[in-house]
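Let's walk through this structure together, one question at a time. Keep the viewer open as you read.

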Amino acid sequence: MIDLKNVSKTFSGQNGPFKAVDDINLHIEENELFGVIGESGAGKSTLLRFINALETPDSGEVVVDGINVHKLDKQALRLHQKQIGMIFQQFNLLNNKTVEENIRMPLELYPYKESIELDRVLDFVGLSDKRTSYPSELSGGQKQRVGIARALITRPKILLCDEPTSALDLGTTTEIVDVLKKAHENFGMTIVIVTHELDVIKALCTRAAVMEKGKLVDVIDVARADVHEEFRTYHERALEVLRDA
Ligand SMILES: Nc1ncnc2c1ncn2[C@@H]1O[C@H](COP(=O)(O)OP(=O)(O)OP(=O)(O)O)[C@@H](O)[C@H]1O
Ligand SMILES: [Mg+2]
């Protein structure tokens, strides 16, 4: 479904050119829950952004559903991008718009034939009672659920997640992982999630690509763990880290 073929990208950095993505080949199956992990600066976000053409590789091909994404004309590119939802670490909500208005944003930009009704999306992410609230009145977890609802309302075929839980505490991370899992089960979509949190990958993904300095060093078959076994309470974790040998 998603094929990256020998993709590379060099940025001009302060100390000369910097290869952010270095000759990567990767295949992601339709409906897969796929993780991309690696340290800061490894090139994860750049790789993710190739898929919806927010970033263009210098060389190589990005093929989604048999279509070479970087050879599309403007109109075809828009159609491609329309079927991809994205959620972000900092949520990227509009602060002067209500929850409801934020969620409906994509529908204001383009017509979507198969969009999901607002009430259903709100209920799905558990925010039915917040539809007229503003982002400043929400917790981090609630903000991210707005971000997820805004992506889901268009019924995307692919959901790209860039560090969706990295600004959240552990309990909230568990909630968001649950919502993403449920979205995958209910609506059926390919999910690609970038994170440095291994617990998130273990709770959600079937495979994970490991990146190091722009290179793909491994693709791991993930032994899935139940989300609630994987995420213990803050207290339990504190005991383990601070007290156990
Ligand atoms: N638009 C840009 N211009 C210049 N350099 C960039 C640009 N985008 C990314 N880079 C550089 O490319 C490298 C990879 O960036 P990328 O954001 O893909 O890494 P990442 O793995 O997502 O890191 P993080 O975990 O910190 O988000 C970094 O060194 C970054 O500074
Ligand atoms: Mg990143």
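Q: Is H80 buried or exposed?
A: In this predicted model, H80 sits in helix α2, residues 74–82. The cut-off for a buried residue is under 20% relative accessible area. H80 has a relative accessibility of 6%, so it counts as buried.

Q: Which residues are in contact with H80, leaving aside its neighbours within four places in sequence?
A: Contact here means heavy atoms within 4.5 Å. With the neighbours within four places in sequence left aside, the partners of H80 are I51, N52, V64, V69 and L72.

Q: How many of the eight residues of helix α1 are buried?
A: Helix α1 covers residues 44–51. Its buried residues are K44, T46, L47, L48, F50 and I51. Helix α1 is therefore largely enclosed by the rest of the structure, and the count of buried residues is six.

Q: Where does L4 lie, and is it buried or exposed?
A: L4 belongs to strand β1, residues 2–13. Leaving aside neighbours within four places in sequence, its contacts are I24, N25, L26, L47, E61 and V62. Its relative accessibility is 3%, so L4 counts as buried.

Q: How many Å apart in space are L4 and S45, C-alpha to C-alpha?
A: Along the sequence, L4 and S45 are 41 residues apart. In space, their C-alpha atoms are 14 Å apart.

Q: Which residues touch the most other members of the largest nonpolar core?
A: This core holds 41 residues. Helix α6, residues 170–187, gives the most to it, with six residues. The members that touch the most others are I103, I148 and L180.

Q: Which residues does I148 touch, not counting those up to four places away in sequence?
A: I148 is one of the residues that touch the most other members of the largest nonpolar core. Not counting residues up to four places away, it touches I87, V125, I176, V179 and L180.

Q: How many residues are in the second, separate core?
A: Among its members are V36, L48, V64 and V69. Two of these names have come up already: L48 is buried in α1, and V64 is in contact with H80. The second core has 27 residues.

Q: At roughly what angle do the axes of α3 and α5 cross?
A: On the α3 side, V99, N102, I103 and P106 meet V146, A149 and R150 of α5. These contact residues divide into five nonpolar, one polar and one charged. The crossing is right-handed. The axes come within 7 Å and cross at roughly 35°.

Q: What is the radius of gyration of the protein?
A: The protein has nine helices and ten strands. For 245 residues the globule rule gives 18 Å, and the protein comes close to that, so it is as compact as a globular protein of that length. Its radius of gyration is 18 Å.

Q: What percentage of the 245 residues is buried?
A: The C-alpha atoms fill a box of roughly 55 × 45 × 35 Å along the principal axes. Among contacts with a separation of 6 or more, residues 24 or more positions apart account for 70%. The buried share of the residues is 47%.

Notes:
Residues are numbered from 1 along each chain as its sequence is written. Chains are lettered from A and ligands numbered from 1 in the order in which they are written. This is a predicted model: local features need pLDDT of at least 70, side-chain atom pairs count only at pLDDT 80 or more; totals for chains, interfaces and linings use all residues. Side-chain values use heavy atoms; hydrogens and water are left out. A nonpolar core is a set of buried Ala, Val, Leu, Ile, Met, Phe, Trp, Tyr and Cys residues joined through side-chain atoms within 4.5 Å. Buried means under 20% relative accessible area, exposed over 50%, partly exposed in between (1.4 Å probe, protein chains only). Helices (H or I, at least four residues) and strands (E, at least two) are DSSP runs, numbered from the N terminus. Axes are lines fitted to C-alpha atoms, for helices over the stretch in contact, and angles run from 0 to 180 degrees between N-to-C directions. A crossing is left-handed if the near helix is turned anticlockwise from the far one by less than a right angle, and right-handed if clockwise. Ala, Val, Leu, Ile, Met, Phe, Trp, Tyr, Cys and Pro count as nonpolar, Asp, Glu, Lys and Arg as charged, and the others, Gly among them, as polar. The radius of gyration is taken over C-alpha atoms; the globule rule is 2.2 Å times the number of residues to the power 0.38.
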